[in-house]
There are 2 protein chains.
Amino acid sequence: MKNVFVERQEKIFKQLSSANIFAAVLKDFEGTRNSSIRYLTGHPQDAILFIFAKGATLLVPWDINLAKEKACCTEIIPYTEFNRIFSNAVVSIFSGKAPSQFSKYLKNNLPKEQKEKIEFPGSSSWLEIKELKKLMPDKTILCRKNGIDSMLGKNRIIKDKKEIAIYREAANITNKIIDELEQHIKKSLNTGEITEAEIALLIEKLIRENGAEGTGFETIVAGPKRSWAIHPYPASSSSPVTNIGTTIIDFGVKYEGYITDVTITLTGKNLTDKQKEIIALVTDAANRTENLLKPGIPAIAVSENIRDFFAQSNYSMPHSLGHGIGLDVHENPVFKISSENKQVLKAGMVIAIEPGLYDPLAGGVRLENNYLITKNGCEKITNARIIYLLN
Amino acid sequence: MKNVFVERQEKIFKQLSSANIFAAVLKDFEGTRNSSIRYLTGHPQDAILFIFAKGATLLVPWDINLAKEKACCTEIIPYTEFNRIFSNAVVSIFSGKAPSQFSKYLKNNLPKEQKEKIEFPGSSSWLEIKELKKLMPDKTILCRKNGIDSMLGKNRIIKDKKEIAIYREAANITNKIIDELEQHIKKSLNTGEITEAEIALLIEKLIRENGAEGTGFETIVAGPKRSWAIHPYPASSSSPVTNIGTTIIDFGVKYEGYITDVTITLTGKNLTDKQKEIIALVTDAANRTENLLKPGIPAIAVSENIRDFFAQSNYSMPHSLGHGIGLDVHENPVFKISSENKQVLKAGMVIAIEPGLYDPLAGGVRLENNYLITKNGCEKITNARIIYLLN
């Protein structure tokens, strides 16, 4: 079987060739993360990746030992060779001045009759692109909305077999944690108290005990006093979680780089009519969405359906209905209601669906699960739920 | 006493006025974090901030309730008013079309005879600036290396009284954790085993128990088998930490938004001569640096001194000697050895100094502490150390 990284690289070589691009350059450092380097090579972080349409990849990592262990690529040159300056690396490589057999080969193979096109991601900074244009007047520097990001986005939106296998395991771990969490919280509230921060810490512990890399993002635990917030700050506090009102727990497991994203809501006794109404509406919205998910349906149609459903009861949701998940917690497809959103569901997508309603007095309720879009519909891979604390 | 946020805003108003800038726009969202919004207003995250040189600030937050509770600013307009699209918000505000009393006032006060200058950070994306230039042909859009980032950088590099008070508390918490960690690890190794991940989890627990917000960055625990790596991946694993060889533990406490950054090294029994040599060199380098830190010395001079010191024993350090700390873990001043680095130490700077040496066979040793630069020298505010596990 062919190495999955080789397969992914071959696909992008073809796409670059078709677009008549000589090479694309990706950068993943603090402040400018780009998980496509991990997607394409397996190298987890802190590197520049040069992708040559002719069929080669050159990695310039910060940690050379890590790269030697992890990266699937044609050649590796340590970032220190370029004094750890991005523009130095780019200019040296494309001028054939880098200490690389490969870059000499490329120099001899440059197109003679035209400037070669080099593509940078749309997220590249204004100053960086301006500098590169100045430093390399003999190249055509591209930085487009539908450039390399879009090509890689189209590839990454459909998960391949390896990714789906990883997601099944990540979901198993997530579900085990949800079960253990439910038991632990119920036990704690039977015999005493538990704080938001203690629950966040427990999740951290359960994730590590169950063999995952860590949390996919900062765990949110918002007890009854502040569950009205979408993203409370701080994400978890020393406030107690009780069995009165509603508590939102939003967390993700990172497993082999891939992130799950689930939200459970704890609901207590003596619920008000308003709280009962919100719980019922969010539960219904989750079920309605589940019935809508299938290949061919525009993501925006799903979002509009749920918006209209909530509107019938005079509620509105202050955030999107969902998002793709993968190496990043927020990936394509997006479910934003916007005329620019043309994304249509397809088999192989892995998404998070998270209906939620929030009331300043009654508190908030959110229910988030992860789904794999299948040939005929969808498969719910996680088991997040409303947990009733009735004792 | 004047609110510290008002003071910080008044300073930047003056700087913008002197530079003849009408307004600056900062953005803090997933993927484009900018902690200067928190620095200027107290609002912790997810917002756009418009700073008008005439003396007003307008916050466009994602979470309106959080902003009402936390933000010190002239006016707040929810991001949903602009359909959560950055360019919509910018264009609406500057054309006076936003639902804001304030923007009407500004419209009436625009300079009549020239295009007003609007400044965006140098990190703004190529596509974003290109779009804004197109959408607002009647404005002068600036995106410069020495623009708003540089102004705010100059202000933030010197910590004010409030920040120094926060750092004293953050350092106290950090020191308490180092002591508790030492006790706990020694006890664990006396009676059994402890893994890298268990130590990382213990740090998380101690941070929360001691009243801090959380970790300042992902905790690194690299046991004897992989302490040769600068930033091992994953940051902590299920490998055991033992009292043979060297183990690196690098962590930070986040307290009221501000981050400490310390590294301790555990060293065991039966050390090889090579290991003893590295431990001695790193300890000496830390002491040498401490004696050099004082106002007026260029950061690069300190770095070169330590580089030369290590070179005498035929060692070289694969990373910078240190960095400023603050709301971000890596701030100014930088200690990189580069002709572009002109930064000179001044009283009020808070920095992390982290000499480290790494050998593929012997393992790694790093010792990192935080210092406040004072009038006459420096004050070591943290108590990280080499911990000998001799039992």
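Me: How much accessible surface does chain A have, and what share of it belongs to carbon and sulfur atoms?

Reply: This is a predicted model. The accessible surface of chain A is about 16500 Å², and carbon and sulfur atoms account for 50% of that area.

Me: What makes chain A as compact as a globular protein of its length?

Reply: Chain A has 11 helices and 22 strands. Its radius of gyration is 24 Å, close to the 21 Å that the globule rule gives for 391 residues, so chain A is as compact as a globular protein of that length. Along the principal axes, its C-alpha trace spans about 75 × 45 × 40 Å. Of its 391 residues, 59% count as buried. Among contacts between residues at least 6 apart in sequence, 64% join residues at least 24 apart.

Me: How many positive and negative side chains does chain A have, and how far apart are the centres of the two sets?

Reply: There are 50 positive and 45 negative side chains in chain A, and the two centres lie 6 Å apart.

Me: Why is B:Lys159 called buried?

Reply: Its relative accessibility is 4%, and buried means under 20%, so B:Lys159 counts as buried. B:Lys159 sits in the loop between α7 (148-157) and α8 (161-191) of chain B. Its side chain makes a polar contact of 3.1 Å with that of B:Glu331. Beyond four places in sequence, B:Lys159 touches residues including B:Ile164, B:Tyr167 and B:Val350.

Me: What makes B:Arg38 buried, and which side chain of chain A does it join in a polar contact?

Reply: The relative accessible area of B:Arg38 is 15%; the cut-off is under 20%, therefore B:Arg38 is buried. This residue is in helix α2 (residues 36-41) of chain B. A polar contact of 2.5 Å joins its side chain to that of A:Tyr233. Leaving aside neighbours within four places in sequence, B:Arg38 is also in contact with residues including B:Phe5, B:Glu213 and B:Glu256.

Me: What is the peptide bond from A:Tyr233 to A:Pro234, cis or trans?

Reply: It is cis, with omega near -5 degrees. A:Pro234 lies in the loop between β9 (220-222) and β10 (240-241) of chain A. In chain B, the bond from B:Tyr233 to B:Pro234 is cis, with omega near -5 degrees.

Me: Why is B:Asn314 called exposed?

Reply: Exposed means over 50%, and the relative accessible area of B:Asn314 is 74%, so the label applies. B:Asn314 is in the loop between α11 (299-312) and β15 (322-324) of chain B. Its phi is positive, about 60 degrees, although B:Asn314 is not a glycine.

Note on methods:
Residues numbered from 1 in each chain as written. Chains lettered and ligands numbered in written order. Predicted model: local features only at pLDDT ≥ 70, side-chain atom pairs only at ≥ 80, totals over all residues. Heavy atoms only, no water. Helix = DSSP H or I, 4+ residues; strand = E, 2+ residues; numbered from the N terminus. Buried < 20%, exposed > 50% of the residue type's maximum accessible area, 1.4 Å probe, protein only. Polar contact = N/O pair within 3.5 Å; in protein donor to acceptor, adjacent residues only side chain to side chain. Contact = heavy atoms within 4.5 Å. Rg over C-alpha atoms; globule rule 2.2 N^0.38 Å. Areas by Shrake-Rupley, 256 points an atom, 1.4 Å probe, with all protein chains shown as cover. Lys, Arg positive; Asp, Glu negative; His and termini not counted. Charge placed at Lys NZ, Arg CZ, Asp CG, Glu CD.
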